[in-house]
Amino acid sequence: MAKDDGIAIRIRGLVNGFGGKVIHDHIDLDVKKAEVLAVVGGSGTGKSVLLRSIVGLNRPLSGSIRVFGQETAQIDSDSLRGLQLRWGVLFQEGALFSSLTVAQNIQVPMRRWTNMSQELMDELTAIKLSLVGLPADAAPKFPSELSGGMKKRAGLARALALDPELLFLDEPTSGLDPISADHFDALIKQLRESLGLTVFMVTHDLDSLKATADRIAVLIGGKIRTGTIADLSKDPDPWIHEYFTGPRGHAALNA
Amino acid sequence: MRNLPSPILVNSPATLRADATGSSLRLVAGGEWTVPEAPRMDTALRAIGFTGIREAEIDANAVTMLDSSGAWLFVRAAHEIQASGCRLVRFAVPERFRPLIEAISGIEVEGRGAMHPASPRFGRSVERLGRATVEVLRQGYDLVEFLGRVTVETGEAILAPRRELPLPAFFQQIEETGLTALPIVGLLAFLLGVVLTYQGADQLKRFGAEVYTIDFLAIGFMREIGGLVTAIIVAGRSGSAFTAQIGTMRVNEETDAMRTIGLNTTEILVVPRVLGLMIALPLLTFFADVVGIIGGMVMTYFDLGITFPAFLRELEGAITLKTLMVGLVKAPVFAFVIALVGCFEGMRVERNAASVGRLTTRSVVESIFLIIALDAGFSVLFSMLGI
């Protein structure tokens, strides 16, 4: 079982590939507790695959992934039990259950893992909705009645339903307007200060990167490079260099 | 699906002590105020009454972990204390939890309106009935409108073929709806021929008229069964595919993209399907007729001992070209209805995946219903015309 070594996610020798194409070539990565790690990389470098591998949705070809000391790469539901309560996952489009209202969606994890009264669940649902910036009248609506940005927020509210220690975010600010994205960054910071939240996020948003991330992991050519923004800006790799010092990177990081 | 209490380990369980001295109350909390402990602490807090209390104090300095559920429980207690008219003299939490408490207390939880949609009552079921009725009528109206549009476009495509008439799409539809349906239509027609022959022979034997099994089979199959069964199979196979294909394009905004480019969605998506199916279904029906009669021929040989040449001689006397045509003339009409309904429902898909499934089901049910209703209509018409 878990010995507390201050590491939330430990990846060793991870190999992923599809149809003969290697996406991750023996990747090692540590995510420390209470840090915000952002994963960046070009299209098709396997950012989402990495996230899916960590939460046990994608079985890697080889390698070990431990979350809070528990192996998730060899997924079987029994050994993952309990982990699901400690993490929350926000999918790219929110992945709300379409047959349930927003409020019911947020209450699914609560029902699954706790025996809260309906009253308390409703109160906490109201809090989560407000935290993610959804209006009160969104609660009884069905996902089909929401805009893309609202779905994302509702998905985040569901990911936060149990106040997880570890939050996975797949492009959390894409599709949000800049003001909402700023609020989102502030929210992540605040949750992290009060809850000691560990965040693993896949993002392209350079502003978000600068505002929230402690360390950045760049996926490139099947390998991974980690470091702070300052470290990576000095990296000799042309893609990484371009990413942080190109016009957008420059504008965001020197703002 | 309520589950067992969480398997997570709580290092130091949450505690709550209420010390009442006279008219003042002191709530002392400690331990981990987190989600696993929230249900227990919720119950404990609700059990405390604030009536008759003038001064209250919340001391949460001994709390070691706090998440938003725990913070809410404290904030709620503070709200309740103030709402019951007593004074909250002290609200102490460790400094690191202060921002969270402040964030949570800034949220208005009560009076946010209904959290869940109202459950259906009688009044609402009447309302639903009304809405459904209006919906059905509106849909009928829309279908007629669509029928008109498709008729005009199809007519134009045939009479005045423009260069952009999608000929490849048209042939592709014939292949998809016709050629690839041959195995399933053939198999089912063959089996139906066997079954009908068996039943017919069984009854006619009693009158010593078993040779008329052939007439019964041939006329029954060509006039009714062949066309009907083929149409129903195709409705399930291709009508649903039309709805799903066009529906998915709607979800992906492909149809919107076509409109913005200036393409006519009816012409591109609907006309090839309608025309393709109107060619494919009569051919399939003819194929089903032939295979069904072959099925009957095999069965009569084994059941009644009628040889194939004898069967064919009897068949020649039983049917005329008119028998075949009565069955085949219905096929293009069925094809038109299947394609029309399939495309119509596809065009009605909203921008979510669930509606693709719902409308696909509806498309199949509607087109099968219309096929059988139309077939009944044809029977009446033919008997009035004495055909």
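1. The interface between the chains. In this predicted model, chain A and chain B meet in a contact that draws 33 residues from chain A and 33 residues from chain B. On the side of chain A that touches chain B, four helices of chain A each supply at least two residues: α3 (83–86), α4 (102–113), α5 (118–131) and α7 (178–195). The most is given by α5(A), with eight residues. Sorted by class, this side of chain A has 13 nonpolar, 11 polar and nine charged residues.

2. Chain A as a whole. Chain A holds 11 helices and 10 strands. Its C-alpha trace spans about 55 × 45 × 35 Å along the principal axes. For 255 residues, a compact globule would have a radius of gyration near 18 Å; the value for chain A is 18 Å, so the two agree. Of these 255 residues, 47% count as buried. Among the contacts in chain A between residues at least 6 apart in sequence, 65% join residues at least 24 apart.

3. His26(A). This residue of chain A has a phi near 50 degrees, which is a positive value in a residue other than glycine. His26(A) lies in strand β2 (residues 21–32) of chain A.

4. Asp163(A). A positive phi of about 50 degrees is also found at Asp163(A), although Asp163(A) is not a glycine. Asp163(A) sits in the loop between α6 (148–159) and β7 (166–170) of chain A. Asp163(A) has 26 C-beta neighbours inside 10 Å and therefore counts as buried.

5. Chain B as a whole. In chain B there are 13 helices and four strands. The C-alpha trace of chain B spans about 110 × 60 × 40 Å along its principal axes. A compact globule of 387 residues would have a radius of gyration near 21 Å, whereas chain B has 36 Å. Buried residues account for 35% of the 387 residues in chain B. Where contacts in chain B link residues at least 6 apart in sequence, 84% of them join residues at least 24 apart.

6. The pair α2(B) and α3(B). Helix α2 (residues 68–83) and helix α3 (residues 98–105) of chain B have axes that come within 9 Å and cross at roughly 65 degrees. The angle therefore makes α2(B) roughly perpendicular to α3(B). The crossing in which α2(B) passes α3(B) is right-handed. From α2(B), the contact is made by Ser68(B), Ala71(B), Trp72(B), Phe74(B) and Val75(B); from α3(B), by Leu100(B), Ile101(B), Ile104(B) and Ser105(B). These residues comprise seven nonpolar, two polar and no charged.

7. The pair α6(B) and α7(B). The axes of α6(B) and helix α7 (residues 213–251) of chain B come within 10 Å and cross at roughly 145 degrees. This crossing, too, is right-handed. Which residues meet here? On the α6(B) side they include Ile184(B), Val185(B), Leu188(B), Ala189(B), Leu192(B) and Gly193(B), and on the α7(B) side Phe216(B), Leu217(B), Gly220(B), Phe221(B), Thr230(B) and Ile233(B) are among them. By class, the contact of α6(B) with α7(B) has 14 nonpolar, seven polar and no charged residues.

8. Val185(B). One of the residues of α6(B) that meet α7(B) is Val185(B), and its helix α6 covers residues 182–205 of chain B. Val185(B) counts as buried because it has 23 C-beta neighbours inside 10 Å. Neighbours within four places in sequence aside, Val185(B) is in contact with Thr230(B), Ile233(B), Leu284(B), Phe287(B) and Ala288(B). How many residues apart in sequence are Val185(B) and Thr230(B)? They are 45 residues apart in sequence, and the C-alpha to C-alpha distance between Val185(B) and Thr230(B) is 6.4 Å.

Conventions:
Residues are numbered from 1 along each chain as its sequence is written. Chains are lettered from A and ligands numbered from 1 in the order in which they are written. This is a predicted model: local features need pLDDT of at least 70, side-chain atom pairs count only at pLDDT 80 or more; totals for chains, interfaces and linings use all residues. Two residues are in contact if their C-beta atoms, placed from the backbone, lie within 7 Å. Ala, Val, Leu, Ile, Met, Phe, Trp, Tyr, Cys and Pro count as nonpolar, Asp, Glu, Lys and Arg as charged, and the others, Gly among them, as polar. Axes are lines fitted to C-alpha atoms, for helices over the stretch in contact, and angles run from 0 to 180 degrees between N-to-C directions. Angles under 35 degrees count as roughly parallel, over 145 as roughly antiparallel, 65 to 115 as roughly perpendicular and the rest as oblique. A crossing is left-handed if the near helix is turned anticlockwise from the far one by less than a right angle, and right-handed if clockwise. The radius of gyration is taken over C-alpha atoms; the globule rule is 2.2 Å times the number of residues to the power 0.38. A residue is buried if 20 or more other C-beta atoms lie within 10 Å of its own, exposed if 12 or fewer, and partly exposed in between; C-beta atoms are placed from the backbone.
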